[in-house]
Each structure stands twice: as structure tokens, then as C-alpha cells.
Amino acid sequence: MTSTVVTDVRPWGGPLSDVVLADGLITGIHPAGTESIDASTETVSGRGRILLPSFADVHVHLDSTRIGLPFRPHTGVPGVWGMMLNDRDNWRHAERSMEHRVATTLESAIARGTTQVRTYAQVDVDADLERLDAVLAAREANLDRCEVEIIAFPQAGLLREAGSIDVLDRAMARGADVVGGIDPCALDRDPVRHLDAVFGIAERHGAPVDIHLHEPDQMAKFSAELIVERTRALDMRGRVTISHGYGLGRLPEAELRALLEQFRDLGISMATVAPQAPLPTHLLDEYGIALGLGQDGQRDYWSPYGNTDMLDRTWQLAFTNGFRRDDDIEHCVAIATVGGRAVMGRAAMPARGAERPGVGVGDPADLLLVAGDTVTAAVMDRPADRTVIFHGDVVADALELTDGSRA
Ligand SMILES: [Zn+2]
């Protein structure tokens with residue numbers, strides 16, 4: 001068994017340690033300098049840096065990106081339908097191909113510390129499966145650096161344009177992993193038909209579900225209740241995610257608590273992109289709801305924000321929540337790392353104050369080394385001195401992929 005020792009690192013900013021990796025897992029943690037290292041052992045020099053689980057970006061539109069391209073003036077109009085039409089007018093005419101843009105964006109995220117990705121690929125009667133194919137190609141090209149799950153995403157709804165449901169079904173047959181849905185009331189104006197189509201396709205393909213919910217409080221609650229009903233009826237415990245869902249955060253507390261109780265019972269998870277009006281992070285923690293973080297679209301036809309750096313987005317999560325305490329900011333790091341893995345069904349959601357999640361013996365050797373006095377300092381400073389490890393191998397260093405390809 002070949003092993004690698006990461007020397008002189010501080011797990012979650014704790015005592016200086018040597019961490020042994022073998023077969024894609026952490027197999028030992030010893031006080032620094034006590035692990036015997038022979039000539040055949042590979043070493044990664046920690047240089048006193050902090051050791052964290054690597055990031056899991058669980059809400060990213062890899063096919064909606066202009067990362068690496070010149071900035072252009074924003075031409076969108078407010079509202080999902082208007083923004084979707086703006087994207088539809090422009091996405092085919094970018095300076096580089098969709099395939100190139102998806103790969104560049106994914107590789108830039110990996111170089112900055114992300115090794116788990118749950119990405120959308122827009123499927124509709126305009127794009128058909130063209131955007132999905134670009135995401136499938138980028139996944140294939142990066143199998144040695146990152147795990148990618150793909151959500152077939154009906155950005156234009158399912159009921160407004162004939163043929164939309166068929167495209168979504170074909171996307172699942174083509175290789176997408178998760179069935180997406182969006183604003184069942186506000187966009188398609190027929191939440192029962194929308195959600196029955198989404199959950200019907202999920203049942204047929206044995207796939208999880210992820211619903212974009214931008215709806216306001218009571219409307220979001222109504223959609224969430226229909227999602228709860230279908231999750232229960234199809235016994236999809238732990239396989240349904242509500243993305244955004246910020247309208248739920250505006251509900252009266254008693255109504256929100258009643259909903260969160262059902263989310264807990266059915267293992268319904270949430271994903272956020274850390275908007276100005278944050279989800280009630282502490283309340284989700286109280287109910288043990290799995291919560292992950294994501295970049296959303298990046299420098300695209302919807303928004304000029306986003307830079308593929310999940311450490312930046314972690315800062316934004318802490319900032320929008322108004323957090324100052326170290327345990328709160330460390331919980332934001334836990335959300336951005338192990339929380340995302342929990343949304344993907346690969347880990348348990350760590351509670352706030354949990355003992356250094358994701359870097360224990362038996363945890364995956366998917367890790368980030370980052371400079372900083374403390375974890376909070378690393379979130380505030382977001383240093384470039386990082387090393388990214390995937391399945392026990394170094395895949396990026398100092399924000400560059402180690403095999404020299406672009407990022
Ligand atoms: Zn989104």
C-alpha cells in the first residue's frame with residue numbers, strides 16, 4: 001500500500017500534526033515529527049498550514065459562465081424569464097465554446113480548493129442537450145481531480161414551451177445524475193403539474209431531485225409543502241434538495257419550524273449561494289438540516305459576480321450572516337466543505353462546534369492546505385498559499401493545477 005504523509009499541518013488550526021493518506025482515505029494522524037518516513041513514502045510539505053476538508057460546491061452553473069473571458073456590460077432584465085431570454089440570446093455567441101468555458105471554470109474551481117461539485121446543466125428546447133454534453137465532457141476530463149454530479153436543469157420551466165419535459169427526461173438518460181426543477185408556482189404557474197413531472201422523471205431514473213426555489217415566503221412555503229408530500233409519497237428520504245429557498249427564511253418562525261421538522265424527518269437538504277438575505281443558518285443547524293454552499297452562475301449573462309473561489313464564497317456566507325465569532329465562521333467552512341458532501345449524500349451534516357469534521361481517520365483524503373493563523377484568519381485573508389489534495393494525490397498548488405494544464 002503506497003501512502004503519503006502530509007507533514008506539519010494543523011487540522012482545523014489545531015496542533016501541528018503529520019497526516020497519513022492511503023487508498024484515498026486519511027489513515028493516521030500523529031503529532032508532527034513522530035511519524036517514521038522512509039524513502040518510499042511520498043510527502044507533502046504542510047509548512048505549518050491549516051488542514052481542512054476540500055470544498056464541495058453544490059450549487060454551481062458550470063454551463064453559465066464567462067470565467068476567463070472579457071467582462072461585458074450586463075444586459076439582463078429583472079425576473080427569471082427575462083434573464084433566461086437574455087442568456088438564450090447570448091450564450092452561443094461567446095468568444096470561446098461552451099465546452100471550453102465549462103472546463104476552464106471547473107478547473108479554476110479545483111485549483112482553488114474544490115474537489116466535489118454538484119453542477120447544473122441547462123436543458124431546454126433551445127439548448128436541447130448541447131450544454132449538458134459540455135458539462136459531461138468537462139467531468140470526464142477531470143475525473144482524476146474532482147467528483148462531479150450533474151443536475152439536468154429546466155431553467156425555462158417545464159410547462160411554458162412544448163417539449164421541455166421530454167428534453168429533461170432525455171438528459172437523465174444521457175448521463176445527468178439529478179433531476180432539477182424551478183419555481184413551480186412563479187415560473188410554470190402550475191406547481192402540481194411541474195412537480196409531478198420532476199418527481200415522475202426522478203422515479204423513472206432512480207435519481208435525486210433538486211428544486212430551485214426563488215419564490216417569496218408564502219408561495220415558497222406552498223411549493224415546499226408539495227415537495228414534502230412527494231418526497232414522502234415516493235420514499236425519497238435524503239434524496240431531495242431545495243436550492244436557494246430564501247423566501248422560507250422570511251416566514252413567521254412557527255411556520256418555518258413546522259416546515260423544518262418535516263425537512264428533518266425526510267432528510268430534505270438545502271443549498272445556498274449566500275445571498276444578501278441569508279437562510280436562517282442557526283435554525284437549520286438546530287434541526288440538523290444538511291446545508292451546502294455554491295457559487296451559482298459566474299460572470300455570466302445573469303450576473304457579474306462569482307470567481308470560482310469557494311473560500312471567497314465562504315467569506316460571503318459569514319458576512320451575510322453577520323458572523324464574528326470563530327465558532328460561527330468555522331461552521332461556515334464546515335457548510336462549504338462537509339455540508340456540501342452531506343447534500344450529495346456522502347457525509348453527515350456537522351453541527352456547529354462539531355469536532356473538526358472531515359479530517360479524521362477514515363475521512364476521504366480530499367483536503368485543502370491553506371495558510372493562516374486560524375481558520376477565521378484564512379477565511380478573512382483568503383490566501384493564495386493553498387495545496388489541494390483529491391483522493392490522496394496533490395492536484396493543485398498555489399492556485400494552479402499541478403499537471404500544468406490551464407486553470
Ligand atoms: Zn442557480
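This is a predicted model: local features need pLDDT of at least 70, side-chain atom pairs count only at pLDDT 80 or more; totals for chains, interfaces and linings use all residues.
Visitor: Which residues coordinate the zinc ion, and at what distances?
Guide: The zinc ion is held by His59 (NE2), His61 (NE2), His212 (NE2) and Asp296 (OD), at 2.1 to 2.6 Å. Donors are N, O and S atoms within 2.8 Å of the metal (3.2 Å for Na, K and Ca), and because water is not among the atoms, sites may look incomplete. Along the chain, the donors follow the spacing H-x1-H-x150-H-x83-D.

Visitor: What do His212 and Asp296 tie together?
Guide: His212 lies in strand S10 (residues 209-213) and Asp296 in strand S14 (residues 296-298), so this pair ties together parts that are 84 residues apart in sequence. Strands are DSSP runs of E with at least two residues, and helices are runs of H or I with at least four, numbered from the N terminus.

Visitor: How do you know whether His212 is buried or exposed?
Guide: Buried means under 20% relative accessible area, exposed over 50%, and partly exposed in between (1.4 Å probe, protein chains only). His212 has 2% relative accessibility and therefore counts as buried, whereas Asp296, with a relative accessible area of 21%, is partly exposed.

Visitor: What makes Trp315 and Phe319 a stacked pair?
Guide: The structure holds 2 aromatic pairs, and in one of them, Trp315 and Phe319, the rings lie 4.9 Å centre to centre with 10° between the planes. Rings of Phe, Tyr and Trp (its six-membered ring) pair if their centres lie within 6.5 Å, and planes under 30 degrees apart count as stacked, over 60 as edge-to-face and the rest as tilted, so these values give a stacked pair. Both residues lie in helix H9 (residues 310-320), 4 residues apart, about one turn of the helix. Trp315 is partly exposed at 26%, while Phe319, at 55%, counts as exposed.

Visitor: How do you know that the charged end of Arg160 sits over the ring of Trp81?
Guide: A charge sits over a ring if NZ of Lys or CZ of Arg is within 6 Å of the ring centre and within 35 degrees of the ring normal. The charged end of Arg160 is 3.8 Å from the centre of the Trp81 ring and sits over that ring, and the charged end of Arg131 sits over the ring of Trp91, 4.8 Å from its centre.

Visitor: Why do strands S16 and S17 count as paired?
Guide: Two strands pair if DSSP finds at least two bridges between them, and S16 (residues 386-390) and S17 (residues 393-397) are joined over 4 bridges in the antiparallel sense. Val388 stands opposite Ala396 in S17, and the two strands form a hairpin with 2 residues between them, where His391 in the turn has a positive phi of about 50°.

How values were computed. Residues are numbered from 1 along each chain as its sequence is written. Side-chain values use heavy atoms; hydrogens and water are left out.
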